[in-house]
Amino acid sequence: QVQLVESGGGLVQPGGSLRLACTASGSIDSFSAMGWYRQAPGKQRELVAAFTSDGGTNSGDSVKGRFTISRDNGKNTVALQMNSLKAEDTAVYLCFASQQEATVLRVYWGQGTQVTVSS
């Protein structure tokens with residue numbers, strides 16, 4: 001069973017920065033995709049940024065140019081650097097990883113970390 005543990009959330013003022021990290025219990029090389037979603041109260045879960053199965057990255061339009069996803073395979077960690085934060089970035093940020101096992105695609109989620117952008 002894969003476990004994902006997020007860290008780095010908190011309270012930050014508009015225009016500030018935060019760095020989130022997601023550490024997996026095993027090698028992230030085995031994942032077909034890995035990254036971050038977020039969910040704000042009363043809103044649908046939306047993609048923030050992720051490494052995709054073809055080796056590239058994908059990110060939501062609202063965070064392009066402000067957020068950067070990176071990975072450290074040696075530490076089994078994917079990080080999300082968030083700059084120029086806005087109030088509308090306030091949400092629970094959830095790490096996910098997907099793993100293809102024969103014909104079954106398994107998706108794992110972390111417990112989430114709260115990011116609050118407020119003055």
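This is a predicted model: local features need pLDDT of at least 70, side-chain atom pairs count only at pLDDT 80 or more; totals for chains, interfaces and linings use all residues.
Which residue forms a salt bridge with Glu-101?

**View A. Glu-101 pairs with Arg-106.** The partner is Arg-106, and the closest N and O atoms of the two residues are 2.6 Å apart. Glu-101 has a relative accessibility of 32% and counts as partly exposed. Arg-106, at 38%, counts as partly exposed too. This pair belongs to a set of five salt bridges found in a search of the whole structure.

**View B. Arg-38 and Glu-46 join through their side chains.** Here the salt bridge has an N to O distance of 2.6 Å. Arg-38 is buried, with a relative accessible area of 5%. Glu-46 is partly exposed, and its relative accessible area is 34%. If you like to reason from the cut-off, buried means under 20% relative accessible area, so the 5% of Arg-38 places this residue in the buried class.

**View C. A salt bridge connects Asp-89 with Arg-66.** The side chains of this pair meet at 2.8 Å, N to O.

**View D. Four charged residues form a network.** Step back from the two previous views and bring their residues together. Arg-38, Glu-46, Arg-66 and Asp-89 are linked in a network of salt bridges. Among the links are the bridge of Glu-46 with Arg-38 and the bridge of Asp-89 with Arg-66.

**View E. Cys-22 and Cys-95 are joined by a disulfide.** A disulfide is a covalent bond between the sulfur atoms of two cysteines. A search of the whole structure finds one disulfide, and its S to S distance is 1.9 Å. The pair links distant parts of the chain, with Cys-22 in strand β3 (residues 18–24) and Cys-95 in strand β9, 73 residues apart. The angle about the S-S bond is -80°, and the link is left-handed. Cys-22 is buried, as is Cys-95.

Notes:
Residues are numbered from 1 along each chain as its sequence is written. Side-chain values use heavy atoms; hydrogens and water are left out. Buried means under 20% relative accessible area, exposed over 50%, partly exposed in between (1.4 Å probe, protein chains only). A disulfide is a pair of cysteine sulfur atoms within 2.5 Å. Helices (H or I, at least four residues) and strands (E, at least two) are DSSP runs, numbered from the N terminus.
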